[in-house]
Amino acid sequence: MRAVVSDSGQLVWQEVPDVSAGPGEVLIRVLAAGVNRADLLQAAGKYPPPPGASQILGLEVSGVIADVGDEVADFAVGQEACALLSGGGYAEFVAAPAAQVMPVPAGVPVTDAAALPRGGVHGLVQPGDGGGPDGRRIRVAARRCERYRLPRDSGRQGARGTDRR
């Protein structure tokens with residue numbers, strides 16, 4: 001597979017070893033990846049990935065599930081999904097812990113969904129503006145003033161533990 005890697009401060013598209021879904025992981029065929037400050041800092045060598053994380057850049061993606069590992073029951077091959085990652089998103093495929101993956105909400109284009117994992121965490125949550133008790137509207141920073149309706153159980157539990165600026 002191919003991925004964007006940082007090589008002496010330059011971003012390079014190159015061949016890297018294939019990844020696969022391990023136990024409790026989902027393999028996503030990446031269709032879109034978010035770009036944020038942490039990615040830029042990592043590319044500049046000023047924000048190292050956590051121990052054990054992929055050295056490939058990319059902290060949020062969206063795409064189509066290509067495989068699921070053992071112990072994963074909530075996702076299926078062919079399902080559109082987005083994920084918050086510790087790295088590896090700037091590649092053709094990425095393996096993500098299932099707890100950090102969420103289905104793409106109805107009505108959201110899969111390529112826009114790459115902005116949801118981090119944007120949803122840092123976006124503006126407006127309780128009571130979602131048309132009733134079944135939802136909320138989140139204003140995604142990458143999509144100025146456009147709002148997507150997300151169900152309360154849209155997988156936001158996977159966002160726990162992310163940075164809180």
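Strand 1 and strand 2 form a hairpin with two residues between them, and Ser-8 in the turn has a positive phi of about 55°. This is a predicted model, in which local features need pLDDT of at least 70 and side-chain atom pairs count only at pLDDT 80 or more, while totals for chains, interfaces and linings use all residues. Residues are numbered from 1 along each chain as its sequence is written, and side-chain values use heavy atoms, with hydrogens and water left out.

Strands here are DSSP runs of E with at least two residues, and helices are runs of H or I with at least four, numbered from the N terminus; two strands pair if DSSP finds at least two bridges between them. Strand 1 (residues 2-7) pairs with strand 2 in the antiparallel sense over six bridges, and Arg-2 stands opposite Glu-15 in strand 2. Of the six residues of strand 2 (residues 10-15), zero are buried, so this strand lies largely in the open (buried means under 20% relative accessible area, exposed over 50%, partly exposed in between, with a 1.4 Å probe and protein chains only).

Five strands form an open sheet in the order 6-3-4-5-7, with antiparallel pairing. Strand 6 (93-97) and strand 7 (101-103) stand at the edges with a single partner strand each, so one side of each is left without a neighbour in the sheet. Within this sheet, strand 3 (residues 25-33) and strand 4 (residues 60-68) pair in the antiparallel sense over seven bridges, and Leu-27 stands opposite Asp-67 in strand 4.

Asn-36 lies in the loop between strand 3 and helix 1 (37-43), and at 10% relative accessibility Asn-36 counts as buried. Leaving aside neighbours within four places in sequence, Asn-36 is in contact (heavy atoms within 4.5 Å) with Leu-59, Glu-60 and Arg-118.
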